[in-house]
Amino acid sequence: MSVELWTIFLVSLSFIAYLYIGWQSRAKGSADFFVAGRGVPSIANGAATAADWMSAASFISMAGLISFLGYDGSVYLMGWTGGYVLLALLLAPYLRKFGKYTVPDFVGDRYYSNIARLVAVVAAIFISMTYVAGQMRGVGIVFSRFLQVDINTGVIIGMVVVAFFAVLGGMKGITWTQVAQYGVLIVAYLIPAIAISVLLTGNPIPQLAFTFSDIVAKLNQIQVDLGFQEYTKPFANQSQLDVLFSTVALMVGTAGLPHIIVRFYTVPDVRSARFSAGWALLFIAILYTTAPALSSFARYNLIDSLHNKTVAEIQQLDWANKWEKTKLLTFEDKNGDGRIQLTPDKATSEITIDRDIIVLSTPEVAKLAPWVIALVATGGLAAALSTASGLLLVISSSIAHDIYYRIIDPNASEAKRVMAGRIMIGFAIAIAGYFGVNPPGFVAQVVAFAFGLAAASFFPVIILGIFDKRTNREGAIAGMLVGLIFTLFYIVGVKFYGMPPWFFGVSPEGIGTLGMAINFVVTFVVSRLTAPPPLEIQEMVEMLRTPGGETPPEAVH
């Protein structure tokens, strides 16, 4: 069978499985819809968290960024994995003990203020919308290449599938669908990585091949010969300060991501939250330790396959012709010598490669079997759809639970709350689809902005809310607003309006670190200049940090 037929077969099979799981796990009440009835086993929640975590950015785009940036691309590896450890150790158990549905729920009750809740809702929606835009672009890219439809049509197909199991199943349907999607995406990532590792180095373990073979030395030499910096040269693309700021922004942004935090509310108790965090870290590490190896293999193969080839030779490459139709890979013989060259200078380089196609094209470049190529496409879709569904539920619950139920109509019935959640998912999918059709950047870049916004808004108020009982509502509201507005202003100004990166050259991806620091200072100072929280709130914070037991529901109202 051709790659396209294999892709249709495997994608259809996976979609049927997701839809069946979504139908079987459909939500019957608000607890099912928002927190999966708090009955998900630790290992299943670990797999679902890993799938939620490893989005299109991890599966499709991260290896592409490392492949292009070399050493400097490691900020994504260090930031995202380090951030997950931070979340698992510092936040997840305490938030699970608090026992609420969402991050805005924690902020609203901990800071005894519906205004604080509302600010947190706005931040959660903004972060989730920024993040989901990257997922929908990932879906569009996969469909445009492997099903030969344009990116816009691909986004719409993805929207319909996500809408089904998110609207019907809520968190319960999403959780069990994500368990299946983790299985699909990790198999799809490992099989080509292992195959290419054997082809290039003879070693079937990509991590060992990357570390102990001569493939990286060869790649360094090729890069130098073509006029690029060495692949492993540090700080070639970013300054030391920017690498530090970007890594920290990704770390603390991770720890503040609402769609990951809500996963720890789906387990029965605090102990299960800790265990599921450990399982998720193991499941995440399998992919994240493979990514640097796959990045270097992909870079080596692409240069070897395309650089200095004649136009006729390029035209004979079936995979190159098909990617060229998507306009994500382009060739132009600018100097008219009949050969296509890759150079560091965009003005003279005759090959343009979109970073988001690196992982998806790698099995084709390496001439692997058609079913492997199709499996990678299926894995990319699983990664994008699993995260998109989790994000859409955050947007839905932020409005339906935190605004409609907690502020507008506290007496709303179970049926009304679930219906409001389903309607909000529909609206969120429509907006996500728009951003998928009109994306503001590469998948991983768009996602990095979401991490920066999460770092600047949520992380300080959650940390101080758990570990500093003196932090009050005035401080939290002021800190979230100042951190979010400053970071958003910097990102939009530098990225879209040509403003120079005026803070010591720190990129928009890294400015969330400064936004977080400003938030911490503002929250701390304003809290000390205003009245302390009520005594019952301070007692509740003390109880939250006491080992053992669950926080009684009445203690958090």
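At what angle do helix α4 and helix α5 pack, and how far apart are their axes?

## Helix α4 against helix α5

In this predicted model, helix α4 (residues 56-69) packs on helix α5 (residues 74-98) at about 140 degrees, and their axes are 8 Å apart. Angles over 145 degrees would count as roughly antiparallel; α4 is therefore oblique to α5.

On the α4 side, the contact is made by Ala57, Ser58, Met62, Leu65, Ile66 and Leu69. Helix α5 contributes Tyr76, Leu77 and Trp80. Sorted by class, the contact of α4 with α5 has 8 nonpolar residues, 1 polar residue and no charged residues.

## Helix α17 against helix α18

Val359, Leu360, Pro363 and Glu364 make the contact from α17, and Val372, Ile373, Val376 and Ala377 make it from α18. The classes here are 7 nonpolar residues, no polar residues and 1 charged residue.

## Salt bridges

Side chains of opposite charge can pair when their charged atoms come close. The whole structure holds 8 salt bridges. One of them joins Arg117 to Asp105, with 2.9 Å between the closest N and O atoms. Arg117 lies in helix α7 (residues 114-146) and Asp105 in helix α6 (residues 103-110), so that the pair links distant parts of the chain, 12 residues apart. Are these two partners buried or exposed? Arg117 has a relative accessible area of 3% and is buried, and Asp105, at 1%, is buried too.

Lys322 forms a salt bridge with Asp318, the closest N and O atoms being 3.1 Å apart. Both residues belong to helix α16 (residues 318-325); because they are 4 residues apart there, about one helical turn separates them. Lys322 is buried, at 17% relative accessible area, whereas Asp318 counts as partly exposed at 46%. In the bridge between Glu542 and Lys469, the closest N and O atoms are 2.9 Å apart. Glu542 sits in helix α23 (residues 535-544), while Lys469 sits in the loop between α20 (443-467) and α21 (473-496), so the bridge ties together parts that are 73 residues apart in sequence. Glu542 is partly exposed, with a relative accessible area of 33%, and Lys469 is partly exposed as well, at 32%. Through salt bridges that share partners, Glu4, Asp318 and Lys322 are joined into one network.

## Aromatic pairs

The count of aromatic pairs comes to 15. Phe15 and Tyr18 make up a tilted pair, 6.1 Å from centre to centre, with 45 degrees between the ring planes. The two residues are 3 residues apart in helix α1 (residues 3-24), which means that they are separated by about one helical turn. Phe15 counts as buried at 10% relative accessibility, and Tyr18 is buried with a relative accessible area of 1%.

How are the planes of Trp502 and Phe503 set, and how far apart are the ring centres? The planes stand at 90 degrees and the centres are 6.3 Å apart, so this pair is edge-to-face. Trp502 counts as partly exposed at 46% relative accessibility, while Phe503 counts as buried at 18%. Trp502 and Phe503 belong to one aromatic cluster that also includes Phe245, Phe486, Tyr490 and Phe504.

## Thr290 in its loop

Thr290 is found in the loop between α13 (270-288) and α14 (291-306). Is this residue buried or exposed? Thr290 has a relative accessible area of 0%, and buried means under 20%, so Thr290 is buried.

Which residues does Thr290 contact, leaving aside its neighbours within four places in sequence? The contacts of Thr290 are with Tyr189, Leu190, Ala193, Pro206 and Gln207.

Note on methods:
Residues are numbered from 1 along each chain as its sequence is written. This is a predicted model: local features need pLDDT of at least 70, side-chain atom pairs count only at pLDDT 80 or more; totals for chains, interfaces and linings use all residues. Side-chain values use heavy atoms; hydrogens and water are left out. Contact means heavy atoms within 4.5 Å. Ala, Val, Leu, Ile, Met, Phe, Trp, Tyr, Cys and Pro count as nonpolar, Asp, Glu, Lys and Arg as charged, and the others, Gly among them, as polar. A salt bridge is a side-chain nitrogen of Lys or Arg within 4 Å of a carboxyl oxygen of Asp or Glu. Buried means under 20% relative accessible area, exposed over 50%, partly exposed in between (1.4 Å probe, protein chains only). Axes are lines fitted to C-alpha atoms, for helices over the stretch in contact, and angles run from 0 to 180 degrees between N-to-C directions. Angles under 35 degrees count as roughly parallel, over 145 as roughly antiparallel, 65 to 115 as roughly perpendicular and the rest as oblique. Rings of Phe, Tyr and Trp (its six-membered ring) pair if their centres lie within 6.5 Å; planes under 30 degrees apart count as stacked, over 60 as edge-to-face and the rest as tilted.
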